[in-house]
There are 4 protein chains.
Amino acid sequence: MRYTLGCRLSYEVETETAFIFNLEVARQVRHRALSETLRLSPDLPLRRHEAPETGNRYVAVTVPPGRFSLDYEAAVTLEPHRADPSGIGETPVKDLPLAILPYLLPSRFVSSDRLAPFAQAEFGDAPPGFERVSRICNWIHDHIAYVRGASDEETTADETLLKRAGVCRDFAHLGAAFCRALGIPARFVSCYAYGLVPCDFHAVFEAYLDGRWWLFDATRQANLDGLVRIGVGRDAAEIAFSTPFGEMKPTGMEIRIDRADGTPERGERTTAAISTAEEGPDAGGGLR
Amino acid sequence: MRYTLGCRLSYEVETETAFIFNLEVARQVRHRALSETLRLSPDLPLRRHEAPETGNRYVAVTVPPGRFSLDYEAAVTLEPHRADPSGIGETPVKDLPLAILPYLLPSRFVSSDRLAPFAQAEFGDAPPGFERVSRICNWIHDHIAYVRGASDEETTADETLLKRAGVCRDFAHLGAAFCRALGIPARFVSCYAYGLVPCDFHAVFEAYLDGRWWLFDATRQANLDGLVRIGVGRDAAEIAFSTPFGEMKPTGMEIRIDRADGTPERGERTTAAISTAEEGPDAGGGLR
Amino acid sequence: MRYTLGCRLSYEVETETAFIFNLEVARQVRHRALSETLRLSPDLPLRRHEAPETGNRYVAVTVPPGRFSLDYEAAVTLEPHRADPSGIGETPVKDLPLAILPYLLPSRFVSSDRLAPFAQAEFGDAPPGFERVSRICNWIHDHIAYVRGASDEETTADETLLKRAGVCRDFAHLGAAFCRALGIPARFVSCYAYGLVPCDFHAVFEAYLDGRWWLFDATRQANLDGLVRIGVGRDAAEIAFSTPFGEMKPTGMEIRIDRADGTPERGERTTAAISTAEEGPDAGGGLR
Amino acid sequence: MRYTLGCRLSYEVETETAFIFNLEVARQVRHRALSETLRLSPDLPLRRHEAPETGNRYVAVTVPPGRFSLDYEAAVTLEPHRADPSGIGETPVKDLPLAILPYLLPSRFVSSDRLAPFAQAEFGDAPPGFERVSRICNWIHDHIAYVRGASDEETTADETLLKRAGVCRDFAHLGAAFCRALGIPARFVSCYAYGLVPCDFHAVFEAYLDGRWWLFDATRQANLDGLVRIGVGRDAAEIAFSTPFGEMKPTGMEIRIDRADGTPERGERTTAAISTAEEGPDAGGGLR
């Protein structure tokens with residue numbers, strides 16, 4: 001399916017501010033025919049970095065005081081890999097590619113070490129594989145309320161569990177934390193999400209099962225086969241869409257994603273297992 | 001200076017256990033003429049991984065129930081880069097290589113976001129550069145007691161600050177947290193430490209200043225120019241010397257490092273700034 | 001039922017230590033014919049205090065270096081109030097006696113403010129009154145493992161929820177926290193517990209329902225109608241059996257409680273609602 | 001000195017709300033010739049409770065949906081006890097009246113157990129008595145910024161230490177926590193504060209030294225000899241000026257305190273030690 005998407009971010013910059021943005025569509029084989037433009041106003045020089053281990057694309061720009069805005073537009077054809085969930089088992093830790101180790105460890109907001117007893121008690125006896133991660137998502141959906149403003153940028157997965165409320169960021173952190181606590185590698189994914197209302201940057205998580213990264217969204221707010229990936233990381237800290245160093249004030253933010261052919265969203269969600277991560281012959285399927 | 005070093009780790013394994021070890025000397029230009037042997041008993045097949053972004057060397061082995069031991073021996077010539085500390089300033093965030101971003105962000109044990117007000121209040125007015133990081137180390141040395149058993153594997157930098165006690169791991173986490181909170185990239189380093197009494201795996205931190213990673217040890221227990229690097233990471237989670245998945249019991253641990261020519265440690269510590277990190281033409285000096 | 005009970009505590013005192021003990025049977029109308037002796041060795045002068053608002057009996061003694069022991073023996077006839085649980089409803093906050101307010105508020109280990117969303121989500125729709133508190137106890141019994149050593153003296157109710165494990169102290173804190181979070185006054189009770197194996201000081205909680213304090217034990221380890229009360233408080237901090245100020249080492253602790261007529265414990269537990277708290281005409285039934 | 005003071009609180013009540021207020025001037029010997037009026041609009045029936053152990057005066061009222069306001073006016077002559085600070089030492093724990101024990105223990109927001117190592121390291125060697133508590137106040141004044149909005153109603157003393165910012169509530173919690181951690185009983189005091197700009201309910205703390213409760217204000221924003229006491233408690237939870245149970249919205253709040261003779265505040269602050277707590281022959285001087 002081909003999508004057109006983009007965002008417009010505006011700021012009132014008070015002191016010279018170094019911004020690092022991560023909002024461009026990831027370059028990878030399941031994102032075909034990517035065309036894009038990035039415009040800054042004023043038109044300032046920028047630096048780029050594509051992290052070799054993840055493919056995340058960072059753009060840095062130093063902005064003087066005054067108004068500043070960024071416009072990103074892209075079109076991309078997303079070709080997800082689909083599979084029957086029932087056949088997807090767990091990869092034993094001893095068979096995991098070693099490059100995947102960081103996604104088994106606790107990180108700032110994915111406090112899987114603190115949540116280990118809880119995960120073991122709730123999900124330790126569930127059938128391993130896709131089914132276990134589905135149960136984790138169902139549990140989160142049933143126990144955590146989606147409430148705007150329920151969390152802030154320092155909220156960790158264990159705090160979300162206590163608060164019983166959060167936003168997509170928190171749902172993804174908690175899902176990843178339960179997985180890591182059970183020996184399932186999991187990572188945080190930022191994306192443009194077709195079907196999300198109102199449209200916004202979205203966050204989901206991926207679990208590594210049977211040699212591949214599979215997408216999961218415990219919020220159930222978007223179509224898994226309509227997620228156009230931006231970045232992937234241990235948690236939200238690594239792939240904030242905007243990391244500013246300086247004094248400034250956001251003054252506007254618009255995000256959009258549509259079908260390129262203009263057809264509306266179909267009424268039902270996929271029940272297939274969906275994977276859109278990069279694959280390769282040398283990295284355990286899904287690792288760069 | 002040439003060193004001989006190594007370790008012997010023993011375990012009583014109760015259920016099949018997948019170990020991931022990170023204890024071999026890093027391969028890099030300032031570690032010259034590295035020769036080494038790694039022996040497992042029983043002699044089991046192992047898998048290796050060298051993380052491309054850090055050079056950390058991981059070894060994985062799956063061990064059946066019974067006794068298990070690992071012997072590592074190495075000889076290496078360490079050639080640190082030395083410089084006059086007084087000339088080392090801070091690199092403004094806007095000029096940092098983007099690949100370094102992860103070391104500016106909070107991580108599981110380096111809670112730099114929580115410690116930002118404390119860091120700003122104590123060190124915000126200090127002279128930037130090497131001097132500021134030296135003051136951070138002095139403060140930690142003066143305010144935190146080195147107490148074995150004061151912390152556990154879930155202890156974070158903010159908890160260490162409250163407990164006023166910790167071990168090398170905690171001193172390094174706190175130092176790195178203060179640095180990141182002030183916009184100075186910092187990372188956790190594990191090493192063999194010449195002069196440490198009693199000998200053990202040691203942990204220090206590196207701060208990125210003026211285009212290079214410099215070593216700092218707030219415990220003041222070892223010589224900065226005698227640290228043979230094993231691994232580097234966001235914090236201790238990433239470079240534990242042993243990460244076991246299974247039921248087992250450590251039954252012995254010996255670590256050693258000596259001068260290859262047998263001369264005893266000299267009486268005084270270097271006052272030079274010391275850097276031993278990998279360097280390269282394309283990554284801002286110090287990044288791979 | 002008449003019980004004989006007591007305890008023997010021994011210490012090796014290293015520096016002069018001021019002990020405050022709270023281990024004597026509470027003096028109240030449902031504890032009839034209380035006879036008791038308290039012996040210290042060496043025989044040091046002691047100070048006594050009976051807190052007017054709770055009836056807790058504190059004994060203070062200043063002990064010089066050396067061996068120290070305390071022997072307490074008592075016999076008491078316990079006459080619990082029994083009622084049919086099905087008729088016990090909740091007292092609306094607006095009708096609560098104001099003296100009870102402290103037991104609605106969060107305290108050091110009863111973090112009812114942090115647990116409010118969790119309590120509301122799990123128990124907000126349960127039938128009010130005895131039934132709701134029973135469900136709280138069932139939930140705790142089903143979700144928290146009784147594990148010696150799982151907690152320490154700083155463990156709070158929210159930490160117990162995450163750790164999914166604790167001892168009687170933690171079960172009582174969590175039960176009280178859920179109650180307070182729902183507007184039900186609750187307090188921590190220490191006692192001698194007939195039927196507890198092995199015998200030890202026990203902790204349960206009381207909830208204030210329909211004008212009276214009712215006993216609840218989420219551990220299900222003792223008979224509710226065999227609990228001889230020692231003290232009552234906001235949480236464990238207020239009624240530690242021993243609060244020492246000085247350097248000393250506990251060297252022995254024996255607790256015992258038996259039926260005075262020597263009959264063994266009957267095989268079944270009461271299903272009646274049990275109350276043993278003090279009552280009075282002027283304090284809302286159950287408040288002194 | 002005679003003061004006139006009062007407050008006006010307004011609410012928009014959405015569902016029937018049970019309010020508990022603690023805002024009337026404490027009745028005690030150093031508050032002479034107290035005259036006061038309390039008016040509710042609408043004129044609803046109220047219940048009163050004066051806590052026997054503290055003298056705190058609580059007023060409860062159940063308010064139907066609609067507008068609600070409360071007006072309190074009082075005049076009182078405050079006669080503080082003054083003393084030379086240099087002669088005020090510490091009461092050893094072994095000589096403390098036992099009724100004071102709660103004020104040595106950690107409470108919800110006064111996390112003296114967590115802060116014990118910090119307190120011991122910073123103030124353990126200070127001269128005991130008034131001087132030590134003065135140093136605690138100086139340290140807090142120098143290290144914690146007074147910032148409106150820096151904390152919320154769940155903020156604890158250890159969090160304030162990390163955030164390096166707070167309001168009067170947080171300054172008082174931190175001061176009390178350091179004292180308790182050092183074996184000095186301390187409690188939280190709410191008051192009308194002559195000289196506070198802008199006028200508001202104020203919070204300070206009292207430390208028990210040499211047989212008497214002495215006032216301390218680490219914010220240095222008000223005159224110690226112009227504090228007209230409302231309530232005293234373990235921490236802010238116990239003596240909130242308003243504890244509502246129901247859905248409502250505060251719509252207005254005015255607090256005032258003036259000299260009855262109209263003379264303006266004198267330019268300088270007292271350097272005497274000030275005590276205004278209740279005294280009695282039987283409770284260790286200052287305990288009821």
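This dialogue covers the fold of chain A and its interface with chain B in a predicted model.

Reader: How many helices and strands does chain A have?

Author: Four helices and 16 strands make up the count for chain A.

Reader: Why is chain A described as being as compact as a globular protein of that length?

Author: A radius of gyration can be set against the value that the globule rule gives. For the 288 residues of chain A the rule gives 19 Å, and the radius of gyration is 19 Å, so chain A is as compact as a globular protein of that length. Along the principal axes, its C-alpha atoms fill a box of roughly 55 × 40 × 40 Å.

Reader: What share of the residues in chain A is buried?

Author: Buried means under 20% relative accessible area. In chain A, 59% of the 288 residues are buried. Of the contacts between residues at least 6 apart in sequence, 76% join residues at least 24 apart.

Reader: How should I read the area buried between chain A and chain B?

Author: Buried area is summed over both parts. Here it is about 3,100 Å², with carbon and sulfur atoms giving 61%. On the chain A side, Lys94(A), Leu98(A) and Arg108(A) lose the most area to chain B, together 23% of what that side buries. The contact involves 33 residues of chain A and 33 residues of chain B.

Reader: Which polar features join the two chains, and how many are there?

Author: A salt bridge requires the nitrogen and oxygen to lie within 4 Å. Eight salt bridges are counted between chain A and chain B. One of them pairs Arg234(A) with Glu238(B), whose closest N and O atoms are 2.7 Å apart. There are also 10 residue pairs in polar contact. The side of chain A that touches chain B has 16 nonpolar, four polar and 13 charged residues.

Terms used:
Residues numbered from 1 in each chain as written. Chains lettered and ligands numbered in written order. Predicted model: local features only at pLDDT ≥ 70, side-chain atom pairs only at ≥ 80, totals over all residues. Heavy atoms only, no water. Contact = heavy atoms within 4.5 Å. Buried area = accessible area lost by both parts, 1.4 Å probe. Salt bridge = Lys/Arg side-chain N within 4 Å of Asp/Glu carboxyl O. Polar contact = N/O pair within 3.5 Å; in protein donor to acceptor, adjacent residues only side chain to side chain. Nonpolar A, V, L, I, M, F, W, Y, C, P; charged D, E, K, R; others polar. Helix = DSSP H or I, 4+ residues; strand = E, 2+ residues; numbered from the N terminus. Rg over C-alpha atoms; globule rule 2.2 N^0.38 Å. Buried < 20%, exposed > 50% of the residue type's maximum accessible area, 1.4 Å probe, protein only.
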